[in-house]
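Have a look at the model first, and then we'll walk through a cluster of charged side chains and what surrounds it.

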Amino acid sequence: MIEDMTIRKFAPKTQHDYVQRVKNFAVLGRSPDTASFEDVRRYQLHLAASGVGVPTINQTVSTLRFFFKVTLKRHEIVEHTHVIHKPRKLPVVLCPEEVARLLDAAPGLKYKAALSVAYGGAGLRAAEVVSLKVADIDSKRMIIRLEQGKGGKDRNVMLSPHLLDLLRTCWKAARPQGWLFPGRDPVQPMTTRQLNRACHAVRGSPRSSAAPRHLI
């Protein structure tokens, strides 16, 4: 299975998650390579009864589909697995004033700059924000270079003068050499978990009444 994922260039984290889900399936049943459709069905019932969320169930179904279809070539099991279609709700869209209050309430200059990249003119995802390097900020062409963003694609996004000024101020304060937003260990970037915590922390701030959405 690991070889099949490597051939398809799955990211290391994706490979780890897929293997872990197959291990979890094996704990409650027989060896996964000899499992029957009923074993898979019982496992899906177990997940539903245990109260796990729809995303977890769908991720498990996707993993088992890959394992049985690609690695084991057992298509008869795949045909009887189904993902759950959860109704999609419109996201909460903040007005400019709410965004401004959110950014002002950020816990520190680094987080204000990172959240500005996410919520401001650049509009990047959390994983893309924390992956930025200092060299990705092109002030001459006023763009931010994204390497291997959503879907594994490189792209450029526009860099506003206001955001550039903020990023310069942030850089002068900390002088990061590699990652634009280093984590507690400067050798490593800030994690998406840290960024999301900073985003949600402003909910309790008296300076912000905005209800920020979870960064995706």
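Let's start with a network of salt bridges that links Arg125, Glu128 and Arg155. A salt bridge here is a side-chain nitrogen of Lys or Arg within 4 Å of a carboxyl oxygen of Asp or Glu. Keep in mind that this is a predicted model, where local features need pLDDT of at least 70 and side-chain atom pairs count only at pLDDT 80 or more, while totals for chains, interfaces and linings use all residues. Residues are numbered from 1 along each chain as its sequence is written, and side-chain values use heavy atoms, with hydrogens and water left out.

**Salt bridges**
- By that rule, the count comes to 7 salt bridges.
- One of them joins Arg155 and Glu128, whose closest N and O atoms are 2.9 Å apart.
- That pair ties together distant parts of the chain, with Arg155 in strand β3 and Glu128 in helix α8 (residues 126–130), 27 residues apart.
- Glu128 is buried at 6% relative accessible area, whereas Arg155 is partly exposed at 29% (buried means under 20%, exposed over 50%, partly exposed in between, using a 1.4 Å probe and protein chains only).
- Asp138 forms a salt bridge with Arg141 (3.0 Å, N to O) and another with Arg145, the closest N and O atoms being 3.3 Å apart.
- Asp138 itself is buried at 12% relative accessibility, Arg141 is exposed at 52%, and Arg145 is partly exposed at 28%.

**The sheet**
- Three strands make an open antiparallel sheet in the order β1-β2-β3 (two strands pair if DSSP finds at least two bridges between them).
- β1 (137–138) and β3 (155–158) sit at the edges with a single partner strand each, so one side of each has no neighbour in the sheet.
- β2 (residues 143–146) pairs with β3 over 4 bridges, antiparallel.
- Within that pairing, Ile144 stands opposite Val157 in β3.

**The whole chain**
- The protein chain has 10 helices and 3 strands (DSSP runs numbered from the N terminus: H or I of at least four residues for helices, E of at least two for strands).
- From the N terminus, the elements run α-α-α-α-α-α-α-α-β-β-β-α-α.
- Of its 216 residues, 37% count as buried.
- The chain exposes about 13400 Å², with carbon and sulfur atoms supplying 57% of it (Shrake-Rupley method, 1.4 Å probe).
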